[in-house]
Amino acid sequence: MAKVEQKTVPLNGDTAVAFAVKQCDVDVVAAYPITPQTIIVEKFSEYVANGEVETEFVCVESEHSAMTCCLTAAATGARTFTATASAGLALMHEMLAVTSGCRAPVVMSVVNRALSAPINIHCDHSDSMAQRDLGWIQIYAENSQEAYDSIIQAFRIAENPEILLPIIVGLDGFVLSHTLENVKVLPTEAVREFVGIRGVPLVMNHRGEMVPFKLDPENPLTIGPLDLYDYYFEHKRQQEEAMRRALEVIKQVHDAYAEQSGRSYGNGLVEPYRLDDAEIATVCIGSTAGTVKTVVDELRDNGIKAGLLRMRAFRPLPVQDIIRCLSGKKAVAVMDRACSFGGNGGPLFHEIRHALYDVPNKPPLANYIYGLGGRDTSPYMIDGIYRDLQKIAETRQIKEGVQFIGLRE
Amino acid sequence: MTEWKFTAKEFAQTPELFASGHRACAGCGPAVALRLIMKAARGPIIATNSTGCMEVVSTIYPYTSWNIPWIHTAFETAAANASGIETALKVLKKKGRIKNEHVDVVAFSGDGGTFDIGIQALSGAVERGHDFLYVLYDNEAYMNTGIQRSGGTPMGAWTTTSPAGKVIPGKLERKKPISDIMVAHEIPYVATANIAHWKDLVLKARKGMEVNGPAFLHVFAPCPRGWRSETAKSVEISRLAVETCVFPNWEAEDGEYKLSPQSKVIALKPERKKPVEGYLKTQGRFRHLFKPENKHVREAIQKEVDRRWQKLLKSCGIA
Ligand SMILES: Cc1ncc(C[n+]2csc(CCOP(=O)(O)OP(=O)(O)O)c2C)c(N)n1
Ligand code: SF4
Ligand SMILES: [Mg+2]
């Protein structure tokens, strides 16, 4: 049950994100337009032009500068947000690592879109998967409601003094970004209370004094120095430890938000769907989970024990949840909306398979690459995956480990 | 012009915000420039640096030369760094979350970070009108990575990517007129300065901080390591750069070009203008030009210096 009364408003994924950012009392937004994220930038510019927000909007000349601006604004103590997709995210690549390395809690929505070439504006996850190892938390939404909810949660996770890591909230291009949905929104005061005002923890400066971790004329601090073999390694270890702590904090923030809003998504890290007693299951990320759920329901109606594990958090990887949810299943299919060219399967497949490696009763795992460049993935195709899984469960044999579905061969 | 007036003694007593103990080479021109510019601070100040010699020599963790808040993010980002800092200060002040009445923002970047890889961010930042001072410390090559050519390397110079070879006599291209490009952005203040004329330099730095909106300060700063010059001669070389009109001192307030005194005397008394050869001779990077077969390059350099000087005089309404 929700604690606060909410309004239902028609929003698409992009306007849901923009509205959430408006409610979060963000100090600086620096962004550059790219399809299918454009609506976020446009909508936010409108808020600024109409005096509806106290945010400074920096209409930068590139995504590289968008990320850089957010990074240094965050280092100055500001709450910051940006949004991008595809080529824009790729252009930011260098600065993504710098941002997480500087422990700047920037929140970014990535409206997932295929990478060029050939140029394609539609959804897949190749853009954000390519940023996997850069020290950003990655959370993916299934629908616009969750995109809205996740942005609000993201500020509280990122800015937690125990975390101080940047976050990507992924939402599928067009499927979510341009599709109208009834979204329940919290009153702005409730959101403001939930995210609070950004605080900054104390850190030790070069003189051994504890000072606020920001660019503050009263307490000089050198941020982003040259850091060689004598300290760099320890600093990277600290980032890794913050990622581990994020596993708990994502859940806590998710639960606190659920208490206010009445909405929850599994435990915040993974969302199992009819999975407890399932014999066969798929694993996926993003909006496809919606389609999979309807297929699971149909299969269940026909007495087939099917289930789904939707990954909400991809970084940090909730290994224990994966083990808990998938151990002992008769067959599991991992669905990847991205390729890892020359790798053995898609990026999510690598992660799930590796998480289960040490488990004695691990299920046989198949991998399906689907929906690249926005290719439609129908319930019929997903049903086909479950049919394959039934066969694998019977024979305990996988004919083909990695398959491409829904494409002409 | 700034109201700031000081004696040499008073100036010596201003705080050292860029402290000694950094690891720049002996005779490093950029280090002198940074120290002087930081001494021109008028109050609370935040600085940022692009990747390059000055970042590397001043902040080897856990040490720092910066007695002020300072951030480095990447090579091409000095102006974007400043944009983010300035914007954050503005909004946090509006919301009452910081106490400071005003904080100056200064971005330092080398010629590589300015003429080349950072020009997009710089152009964008000044077009948006952020209130900050951008200092280009120009040592005319990528020194941090071992003396490679940049768009700011002068014609004829040897660098490790424009070596003086059997068929190519060093860099063939001219130096990009970066400060004119900045004037063309129609920003309130652009100036060139030189470590040999320290008072002129610090007054221009102060002015750049005082101006509302973006200011661009282009500082000529010899690098003995990369120029193959004597460490004790950086100031002398800098003075020669002005006297030969290789690097004249001027400023442009709201687009109005004006020669600074050191260059104005040459404009008024053209006989004082020295030939570039004397300048070229002070630096090993030009040594190959003194082979007989490279005489034409020396002549081309002189011609180019003269052409630019005439153009500048015209811009200043003198010629
Ligand atoms: C994106 C990127 N490309 C290349 C480099 C390597 N790099 C670091 S500093 C530098 C040259 C810096 O030259 P300049 O801006 O002139 O500063 P200086 O070292 O001369 O002071 C280069 C090429 C880098 N750090 N980042
Ligand atoms: S290489 Fe040149 S610019 Fe770099 S520290 Fe040495 S003298 Fe200064
Ligand atoms: Mg240089």
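Helices (H or I, at least four residues) and strands (E, at least two) are DSSP runs, numbered from the N terminus. This is a predicted model: local features need pLDDT of at least 70 and side-chain atom pairs count only at pLDDT 80 or more, while totals for chains, interfaces and linings use all residues. Residues are numbered from 1 along each chain as its sequence is written, chains are lettered from A and ligands numbered from 1 in the order in which they are written, and side-chain values use heavy atoms, with hydrogens and water left out.

**Ligand 1**

Helix 5 of chain B gives the largest share of the shell around ligand 1, three residues. The shell holds 18 residues, and the closest are Asp111(B), Gly112(B), Gly113(B), Tyr137(B) and Asn144(B); a residue is near a molecule if one of its heavy atoms lies within 4 Å of it. Because residues from chains A and B surround ligand 1, the site is shared between chains. Sorted by class, the shell has seven nonpolar, eight polar and three charged residues, with Gly counted as polar and Tyr as nonpolar.

| Residue | Atom of the residue | Distance to an oxygen atom of ligand 1 |
|---|---|---|
| Asn139(B) | polar side-chain atom | 3.1 Å |
| Met143(B) | polar backbone atom | 2.9 Å |
| Asn144(B) | backbone N or O atom | 2.8 Å |

On its own, ligand 1 has 590 Å² of accessible area (Shrake-Rupley method, 1.4 Å probe), and the protein covers 78% of this.

**Helix 6 of chain B**

Helix 6 of chain B spans residues 119-128, and its buried residues are Ala121(B), Leu122(B), Gly124(B), Ala125(B) and Val126(B). Buried means under 20% relative accessible area, with a 1.4 Å probe and protein chains only. The cover over these residues includes helix 3 (63-75) of chain A. From chain B, it includes helix 4 (78-94), helix 5 (111-116), strand 4 (133-138), helix 7 (178-184) and strand 6 (215-220). Just after helix 6, Gly129(B) has a positive phi of about 80°.

**Chain B as a whole**

Chain B contains 13 helices and eight strands. Its radius of gyration, taken over C-alpha atoms, is 19 Å, close to the 20 Å that the globule rule (2.2 Å times the number of residues to the power 0.38) gives for 319 residues, so chain B is as compact as a globular protein of that length. Of the 319 residues, 61% are buried. Chain B exposes about 12,900 Å², and carbon and sulfur atoms supply 54% of this area.

Key. Buried means under 20% relative accessible area, exposed over 50%, partly exposed in between (1.4 Å probe, protein chains only). Contact means heavy atoms within 4.5 Å. A polar contact is a pair of N or O atoms within 3.5 Å; within protein, one must be able to donate a hydrogen and the other to accept it, and residues adjacent in sequence count only if both atoms are side-chain atoms.
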